[in-house]
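User: I have a model open and want to go through its packing. Can you take my questions one at a time?

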Amino acid sequence: MKASSPDALAQACGAKLIQGDGNSLSIRHVLFDSRRVFQASESLFVALVTARNNGHQYIEEVYQKGVRCFLVEEVPSFNGHQECDFLVVDDTLEALQMLAKSIRKEFQAEVVGLTGSNGKTIVKEWLYSILHTEKTVYRSPKSYNSQLGVALSLCHLEPEAELAIIEAGISKPGEMATLEKMIHPRSGIFTNIGNAHQENFTSRAEKLAEKLKLFEHSELLVYCRDHEELHHSISEHFRGKTFTWGLHEEAQLNIRKSAHTASFEYALGAKRGWLNLPFEDVASVENALHCFAWIAATDQMPLEKAAEALQHLQPPEMRLEMLPALNQSTLINDAWIVDLDSLKMALNTMVLQTHYARRTIILSDIPSSPEGAELLYGEVKALLTEAGVTRLLGIGQDIEKYLHEFEGERRFYPNTESFLAALPSLVFQQECILLKGARRFGFERIASQLARQTHETVLKINLSNLLHNVAYYRQQIAPGTKLMAMVKAFSYGSGHSEVASLLQNHGIDYLAVAFVDEGLELRRAGVKLPIMVMSPEKTSISQMLDAGLEPEVYSFALLEEFCKVLSQRSGYDQMPLRIHLKLNTGMNRLGFDREEWEKLAMFVQNKPEIEVATVFSHLAASGEAEHDAFTQEQIALFEQGLHILRQAVRAPFIAHLANSAAIRRHPNARFDMVRLGIGMYGIGSPEEQAYLLPVASLETSITQIRVVRKESTVGYSRRGKLQRDSRIATLPIGYADGFLRKLGNRRFEVMIHGKLAPVIGSVCMDMCMVDVTEIPEAREGDKVIIFNSAERIIQMAETLETIPYEVLTGISQRVKRVYFQD
């Protein structure tokens, strides 16, 4: 937004201004996350209050980072608050939305609003990629489409933009009217209607009518005429001009697909032409045609030029990709598009990798007008400095001109080719590397050189979906109830330090690992959260104590061993060891039995060298309805144990019993903290599965395709006998990767181009073969999906006669983990 004084901001959002001593602030940025503070002296911190958190408790922390202007509901008192400007309101979110509305009102150029159940973000990104070479385009960041996200998007609206593209999403009735008042779009695109968030609406018709409120004052609405339900609702509720596209004969922009390729003939009145798209899947085609239709309806550019741009569309990488890199480094690959907002987000991710002292950015030229370049690169320099970047490797014609005075180590290259030629001479060692460049620079070539060499099978971890699942379970528990995240077994196959670091930055209270080595790895990665070790080995007690790990204690023998070691170590009389007492209530695996609980209470009462951090137990069958009576018996027995221990232990401790399944099914098992395990990774009970998002996707590629004649055999022991001439594809995944032998001989199918291909013959150690006869478009190098949803993981588990836990934890660590975050 344009630079504004606190007084102007107060007027815009209806706040009472309490001004600090001698301040003369100029605010250009809005932030709400205390972990992501950039350009602090020019930022307004919004202390949001939610059911689960209160931003006011982070004000002093943000002050220490340099922020001096705050939007608050109450003025805090801390050492230094006299220097600050406080904008005091009754509701900070509502005030932020008022500010956004004020900024939008001053913006005179075209604003297009997008809504729908799917495709909003992709359409927005594709519209931007098509049009930003023609004019200055602003679009809302990432998937910022909520009540908070839209307000933040508009607060950062660039005054000089000639077009703004803002997406809007809702989850319940009454929300869209608020978004419409802020966005007030002149034109709009309605992508489609589906079942997302349907649980909060009585019918799809109600949800459609709610979404259409975004366009209450719009002059133009673009949509696909082929969706009859959508067309009927728009005809009933929308009073402006419509522009339709599709196969339907009534569509204004008529589309016809050719027989065998991703080519489409279009007709708009007397105008005819062809669209050649770089993909064939229905969703991508529909998203691309939404873009083309809106351009046709608004005359943003000649249709021939728009058709040419559509040929070069690529799936937008709206997620950061974190990869293991050379020499114990981590590569943050965000080399898809570069502008100031996306650079800030990428640098935020880099800053959160606290276990690296060295930070290198490989940065391309950033598109800008000649008159605005100096100001733009001045901001870039400030951002790099604030993020603690120690080395800048610049690529392009402009970046050296404007960033040659960067204070850290710096080197510049005229193009990507010259950088690649110099790459062997550059040293990367135990550092965080951010790759950030415009698509035209082809930074994917750099990424492939820097990423640690692995075979072609990868396990993709969607960190945004993981956080979504955490948020879902948070909604099930009362405010104040703590969350312990289970990151044992390589975080259920997802990767220890990456998942733990993410959770640390998103409000998880405790982590749990199985063994001391896992906890030590997290400490080396900079994870500072309290960590419970569930199977502490006696031989590792000293290591555990030195690293501040907290052991589960389940027997007197183990308890006495800890006390013995503590008595032999100096200084521990001042620092009691925090322990977690495990009670056996029916699992009959580990834990103190019922007849030992009184003795246990007396023991810990008289041991000042230990401190009881938590008391817990383990439910044996909380997810199975036929065992609900037994689960309730366990809960009652656990409550007895708590009563006994709380009478003996003077200091308060945390009680926890509920695992993922029990969080929703057994509310009386939640106590002070819940343990979130496989539910966090997207696998839940049948009644909650619809609310969870998949976290892990196992993918590989086709190494080779050959035609094998009828009656021939495939694989070891000739078990794959063919009943017809067949196309057989070899995949670089086998039982050493976790793709087990039981999946062979047509018992499991993989997915290629959205179609299923059965596994043929026996699975080998490093490879397997699949029948792609029914997938004629399959080619060598094509992507193969082993699983990408809970349903596929469950299906794989059923084939293996096991449970989803084993499928996820069985993925070999030689399979590269790739991390994404929206």
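User: Leaving aside neighbours within four places in sequence, what is Leu 511 in contact with?
Analyst: Leu 511 is in contact with Met 484, Ala 485, Val 487, Ala 500, Leu 503, Leu 522, Val 527, Leu 529, Pro 530, Ile 531 and Met 532, where contact means heavy atoms within 4.5 Å. This is a predicted model, where local features need pLDDT of at least 70 and side-chain atom pairs pLDDT 80 or more, while totals for chains, interfaces and linings use all residues. Residues are numbered from 1 along each chain as its sequence is written, and side-chain values use heavy atoms, without hydrogens and water.

User: Which residues have the most contacts inside the largest nonpolar core?
Analyst: Leu 347, Leu 511, Phe 739 and Phe 787, in a core of 161 residues. A nonpolar core is a set of buried (under 20% relative accessible area, 1.4 Å probe, protein chains only) Ala, Val, Leu, Ile, Met, Phe, Trp, Tyr and Cys residues joined through side-chain atoms within 4.5 Å.

User: Which helix gives the most to this core?
Analyst: Helix α21, residues 556–567, with seven residues. Helices are DSSP runs of H or I, at least four residues, and strands are runs of E, at least two, numbered from the N terminus.

User: Now the sheet. What is the strand order?
Analyst: The order is β1-β5-β4-β3-β2, an open sheet with mixed pairing; strands pair if DSSP finds at least two bridges between them. The edge strands, β1 (16–18) and β2 (29–31), each pair on one side only.

User: In which sense do β3 and β4 pair?
Analyst: Parallel, over three bridges. Leu 44 stands opposite Cys 69 in β4.

Notes: Buried < 20%, exposed > 50% of the residue type's maximum accessible area, 1.4 Å probe, protein only.
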